[in-house]
Amino acid sequence: MEDALKRALGTAVLRPTGHTGGGCISQGRSYDTDYGRVFVKSNSRSEARRMFEGEMASLEAILKTQTIKVPKPIKVVDLPGGSTAFVMEHLEMGGLNRHSALLGTQLADLHLHNQQLGEKLKKEGSTVGKGQGQTEVQFVDQFGFHTVTCCGYLPQVNDWQSDWVSFFAKQRIQPQMDMIEKKSGDREARELWAQLQLKIPSLFCDVEIVPALLHGDLWGGNVAEDDSGPIIFDPASFYGHSEYELAIAGMFGGFSSSFYSAYHSKIPKAAGFEKRLKLYQLFHYMNHWNHFGSGYRGSSLNIMRNLVK
């Protein structure tokens with residue numbers, strides 16, 4: 001692995017630092033190179049390249065907004081033996097603590113970034129010019145993303161759609177439902193989903209949704225901080241409804257009230273917020289059901305039962 005990395009990075013030095021990390025999906029370790037310290041994630045799954053390319057594209061998109069700190073992506077590398085590695089900037093990170101409120105503010109800035117670009121365009125009536133030294137970011141008027149991104153190791157269907165409600169139903173819940181159907185033929189889940197589909201549009205009455213660039217998998221394990229402020233990582237980005245971001249954040253804890261207060265002072269809760277949050281959590285419970293097994297079936301069905309009432 002190390003020879004392949006040296007070649008791919010064009011570095012003579014590749015010295016392990018002793019920093020390691022990893023989650024349920026990939027393993028990671030840090031190395032010193034000719035160009036500074038890098039963090040390398042590796043995975044031997046056949047779908048690892050697609051997963052890492054989606055993560056790289058997500059980090060690049062967030063980086064361009066200049067709203068919130070993420071590790072700079074460097075390269076996806078094929079390793080001997082069929083594994084894949086993803087090389088990125090190494091950041092010294094500690095648990096989120098002092099910078100919770102700032103994370104709320106900066107996450108809201110990320111979510112508002114595209115909307116503000118759109119408003120600027122309207123004002124100028126022409127394309128947004130490049131600022132000094134800035135990469136031009138285009139206004140996006142649809143929901144989706146230019147490449148596949150993975151939430152965990154399962155691919156998300158990111159084909160562009162102009163309507164958020166149909167995007168969420170067809171490209172988020174339906175693929176999860178199809179996987180459950182294939183694995184277990186769960187009749188109750190299928191019947192509840194058939195009822196819920198009819199109900200979803202009513203949860204979006206009078207809500208105006210401008211596509212927002214999302215991290216896409218923002219739970220407590222994917223946030224940290226350093227002295228300069230908060231850091232987010234392991235994204236599964238796409239342009240969607242900003243409320244979607246808060247669903248998994250609320251499922252597994254790790255976010256203090258100061259985070260939510262700061263966020264909602266910039267993006268206030270719209271009418272019907274709590275019910276939509278449950279709908280968005282349904283995606284994550286089903287995604288966990290498909291990753292980790294039927295321990296998440298009960299939560300998935302409960303949400304559907306409550307929403308179809």
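Trainee: Before we start, where do domain bounds come from?
Mentor: Domain bounds come from an automatic or database domain assignment. Also keep in mind that this is a predicted model.

Trainee: Got it. So which domains does the chain have here?
Mentor: The protein chain is split into domain 1, covering 1-89, and domain 2, made up of 94-127 + 134-308.

Trainee: How many Å apart are the C-alpha centres of domain 1 and domain 2?
Mentor: Those centres of domain 1 and domain 2 lie 25 Å apart. Where the domains touch, domain 1 contributes 22 residues and domain 2 contributes 32 residues.

Trainee: And what area is buried between domain 1 and domain 2?
Mentor: About 2100 Å² is buried between them, and carbon and sulfur atoms give 70% of that.

Trainee: Which residues in domain 1 lose the most area to domain 2?
Mentor: Look for Thr 67, Ile 68 and Lys 69 in domain 1. Together they account for 26% of what that side buries.

Trainee: Let's talk charges. How many salt bridges are there between domain 1 and domain 2?
Mentor: The count between the two domains is 2 salt bridges, while the structure holds 20 salt bridges. As background, side chains of opposite charge can pair when their charged atoms come close.

Trainee: Which side chain does Lys 69 meet in a salt bridge?
Mentor: Lys 69 pairs with Asp 226, at 2.6 Å from N to O. Another salt bridge joins the side chains of Lys 41 and Asp 234, at 2.7 Å from N to O.

Trainee: What does the pair of Lys 41 and Asp 234 tie together?
Mentor: Lys 41 sits in strand β3 (residues 36-43) and Asp 234 in the loop between β10 (229-232) and β11 (238-240), so their pairing ties together parts that are 193 residues apart in sequence.

Trainee: Switching to helices: at what angle do α3 and α7 pack?
Mentor: Helix α3 (residues 100-124) and helix α7 (residues 257-266) pack at about 35°, and their axes are 7 Å apart. The crossing of α3 past α7 is right-handed. Among the residues making the contact are Leu 103, Leu 107 and His 111 of α3, with Phe 259 and Tyr 263 of α7. By class, the residues of this α3 and α7 contact are 8 nonpolar, 5 polar and 2 charged.

Trainee: Is the crossing of α5 past α9 left-handed or right-handed?
Mentor: α5 passes α9 in a left-handed crossing. The axes of α5 (residues 187-199) and α9 (residues 297-308) come within 9 Å and cross at roughly 35°. Residues in the contact include Leu 192 and Trp 193 of α5, plus Leu 301 and Met 304 of α9. The contact of α5 with α9 has 8 nonpolar, 1 polar and 4 charged residues.

Technical notes
Residues numbered from 1 in each chain as written. Predicted model: local features only at pLDDT ≥ 70, side-chain atom pairs only at ≥ 80, totals over all residues. Heavy atoms only, no water. Axes fitted to C-alpha atoms, helices over the stretch in contact; angles between N-to-C directions. Helix = DSSP H or I, 4+ residues; strand = E, 2+ residues; numbered from the N terminus. Left-handed = near helix turned anticlockwise from the far one by under 90°. Contact = heavy atoms within 4.5 Å. Nonpolar A, V, L, I, M, F, W, Y, C, P; charged D, E, K, R; others polar. Buried area = accessible area lost by both parts, 1.4 Å probe. Salt bridge = Lys/Arg side-chain N within 4 Å of Asp/Glu carboxyl O.
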